[in-house]
Structures are given as structure tokens and as C-alpha cells.
Amino acid sequence: SDFENSRDMARTRTATRTGYSQGTRGYIAPEIQAGVVTSPTKPSDVYALAVLLCKVLLDLEPSATQPPDLRGARAGNSDLRDLLQSMTQEKPEKRPSSTLVRASLPFEAAAADDDDAVCTPEHWVMERLPQGSPTLQTFDVTAELKEGIEELLGVAVQSVVRVENSELWANYAKERMTMQRHLMERQGWQQAAFQPSTMERVAALPGADALMHAEAGEVYLMHGAAESAEYAIVRHGLDERLASQEVNFYGRGIYFAEDVRKSLQYFRGQPGVILVSRVLLGHTFF
């Protein structure tokens, strides 16, 4: 699994070669150790990678006689722990493909602490607050972003507030990971073809490109809402069960738009808010 990088420096030649099985016991797959398979395979590489990740991320020492025991491992990300468990199945045919592993590994969230299970955007002020601070924080960034937001929306704005809700972010990031895995299984590693006009305009704003996942069809769109609904949305998120058919022009549901004029229609002539939101589109048809 060292891809021929191991060299005998005195002889300036590789000490391993493709198709030749050797390695540290515990890190190589059971079928190779047992001699059932004489040449490395994709499933055996998946096993070796999982054991290495178990050591690096979870501090689990590899065993020369059995796969890693993840039952008592304290992995902050349960999806990561489940993935490693599947990658170290004793039977090669039960391990996920290397392609699926690549799509599923949450490298930006690969940490052993629960607090690091989901990596929040680096520009969030919440990242620098003391542990135990409220999960919802709002910051007035009018002075910093008013000009950029007015250019994005094409309308005059009174104030700009950045919402940092770590609880909603964690749920969103997990759903994004699930969607990436699902899309990978169905259509391969493809970038969504649809790119709304908001993406180019939002790109100029600070932190706009933080952790954007194009492979899940993640984009920025706008959502218009009455001012009275602002607190409920930023606290609990958007809930289609609470959507009123009387307010929505296209039937019950939650709608996002790339054209602010559509979002402004939901103000109904009253004060309102425009939420510039991350949205997962998945595989789009238009």
C-alpha cells in the first residue's frame, strides 16, 4: 500500500513492486495475511486505509490477529466510525468500494472530539467563543457587508446579520454528507450542472466559499420571509410543515430563488427579511 515509494537508498531502487504482497501485520487485510489472496486488491487497500485511519484518528492500535474493534471507540463523528467499521469487515466482499469511501470520508470533520464532529466555517465568530456558549449566535455585520449585500440583492437594506447556529449547521452538514454518498452511489463523482446567478455574486462576500460542496449541488439561494417569522427560522430552521399555503404562491412548501424579486413577493408590502442560504440541490433537472 505504499505505491512503490519504499526505496533501498543504497541501491536507488524500489524495495516493493506492484502486485507483490508484503507489509506490517495488522495493517494488511486478513485475506492477505492468511494467504487466501496473494496479490493486493482494492478491498485489501480499503482495509489497510481503514486501519491506518483508526490509528491516526482514534488511536486504536492494530491487531495482528483480528480487525480493529470499534465498539468502544470514541469517534466524534458516528458516520466516520460506521464507515471505518464497514471498511474493516473480515470478508472483502462486504467492504465498500474505494470510490464510495472517497465520497464518504469527512476529512474536514475527521476529529476525535465530539465538538469537532462537524467542522463549522472558519470565518464564524462562534469558533472563537468559550466552550458552552449558546448554540445560536447573531452578529450585526452591517458595516462590513451592507454594500456587498445591496449589490447582491439589488435593493436597499436596513441591516445585515450573520446567523451562526451550530446545532442547525451540524444537522445540515450530516445531511450533506448523506446526500454526497447517495449521489456517488447513483451517478458517480459529478458536479451539479446548475449554477444559479447568485453564486458569482455571493463569491465576493467573506467566507462565501467556506466548505462549499459542489458535488452535492450546494449553492447559495435566497428565501424571503415576513419579519415576524425571522426568529423562528434562525432558531429552529425552515419547516415545511409550518408553511402556509395562503402565503406561498406555488402551493405549500419552502421556496428559494436566485432572483430577489421573487423573494420580495413574500413580504406582502410589509417589513421582511431575505435569508441568503446554503441549499443542497443534489442532482438537478431543469
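Visitor: What is Leu205 in contact with, leaving aside its neighbours within four places in sequence?
Guide: Leu145, Gly148, Ile149 and Leu152. Contact here means heavy atoms within 4.5 Å.
Visitor: Before we go on, what sort of model is this, and how is it numbered?
Guide: This is a predicted model, in which local features need pLDDT of at least 70, side-chain atom pairs count only at pLDDT 80 or more, and totals for chains, interfaces and linings use all residues. Residues are numbered from 1 along each chain as its sequence is written, and side-chain values use heavy atoms, with hydrogens and water left out.
Visitor: How many residues are in the largest nonpolar core?
Guide: That core has 17 residues, and Leu205 is among those with the most contacts inside it, as are Leu145 and Ile149. A nonpolar core is a set of buried Ala, Val, Leu, Ile, Met, Phe, Trp, Tyr and Cys residues joined through side-chain atoms within 4.5 Å. Buried means under 20% relative accessible area, exposed over 50%, and partly exposed in between, with a 1.4 Å probe and protein chains only.
Visitor: Which helices and strand each supply at least two residues of this core?
Guide: Helix 5 (142–153), helix 7 (198–202) and strand 5 (218–226). Helices (H or I, at least four residues) and strands (E, at least two) are DSSP runs, numbered from the N terminus. A second, separate core has 13 residues, including Leu53 and Leu80.
Visitor: Leu80 is in helix 3, then. Which residues of helix 3 are buried?
Guide: Leu80, Leu83, Leu84 and Met87. They lie on the same side of helix 3, because they cover an arc of only 95 degrees around the axis. The arc is taken from the directions from the helix axis to the C-beta atoms.
Visitor: New topic: which residues form the aromatic cluster?
Guide: Trp124, Trp169 and Tyr172. Rings of Phe, Tyr and Trp (its six-membered ring) pair if their centres lie within 6.5 Å; planes under 30 degrees apart count as stacked, over 60 as edge-to-face and the rest as tilted.
Visitor: Why is the Trp169 and Tyr172 pair tilted?
Guide: Because their planes are at 40 degrees, with ring centres 5.8 Å apart.
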